[in-house]
Amino acid sequence: MSTLIVLSESLQHIYHGQPWLEVTVMEHLQETDAVQASKRIGGSHNIWELVNHLIWWNKNVIRKLYGEAPDQDGDLPDFYFPENHGENNWQATLNRLEHSITEMVETVRNFPEEKLFTPVPNTQHNAYYYIQGVLQHVPYHLGQIVLLRKYA
């Protein structure tokens, strides 16, 4: 099995599968409503902001891997919290996350294996570094989401 298949499956599992840590992002978010997603503990980010942060980073890494500028006109800012905190907008945010997950998994799965350890253009790192970064980043924020759901 190729390294890229293993990486893409690992990414898929942390969102929707059976990861080693036994909890997934989507199982917690699907049980979260807009009111819960908007609550803060002290000065922390709320769940909604963390979800938009995950979307922002997925897009950022995808664009880097394709050799595109990571920030583009029309992008929502990192940790974006919309003025409209309604349930429909929360569901739209979850749909955007789903889309970014699918796009990230496919980008990793289809990335040229021979380019995995060569520098990504206009960056200081190779593709493996960025993909591993996403795989480490998501569980970190999953932990925050779990705690926010429990205590907010």
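Q: At what angle do the axes of α1 and α6 cross?
A: In this predicted model, the axes of helix α1 (residues 3–16) and helix α6 (residues 127–151) cross at roughly 15 degrees and come within 10 Å, where axes are lines fitted to C-alpha atoms over the stretch in contact and angles run from 0 to 180 degrees between N-to-C directions. That makes α1 roughly parallel to α6, a term for angles under 35 degrees; helices are DSSP runs of H or I with at least four residues, numbered from the N terminus.

Q: Which residues make the contact?
A: With contact meaning heavy atoms within 4.5 Å, α1 contributes T3, L4, L7, S10, L11, I14 and Y15, while α6 contributes Y128, I131, Q132, V134, L135, V138, P139 and L142.

Q: What about cavities, how many of 30 Å³ or more turn up?
A: A search of the whole structure gives 2, a cavity being a set of points on a 1 Å grid over the protein atoms alone where a 1.4 Å probe fits but cannot get out.

Q: What lines the largest one?
A: The largest cavity is lined by N52, I55, W56, K59, D75, L76, P77 and R96, lining residues having an atom within 4 Å of a point, and helix α4 (residues 47–65) gives the most, with 4 residues.

Conventions. Residues are numbered from 1 along each chain as its sequence is written. This is a predicted model: local features need pLDDT of at least 70, side-chain atom pairs count only at pLDDT 80 or more; totals for chains, interfaces and linings use all residues. Side-chain values use heavy atoms; hydrogens and water are left out. Helices (H or I, at least four residues) and strands (E, at least two) are DSSP runs, numbered from the N terminus. Angles under 35 degrees count as roughly parallel, over 145 as roughly antiparallel, 65 to 115 as roughly perpendicular and the rest as oblique. On a 1 Å grid over the protein atoms alone, a cavity is a set of points where a 1.4 Å probe fits but cannot get out, and a pocket is an open set with protein on both sides within 12 Å along at least five of seven lines; lining residues have an atom within 4 Å of a point. Grid points are joined across faces, edges and corners, and a volume is the space filled by probe spheres set on the points.
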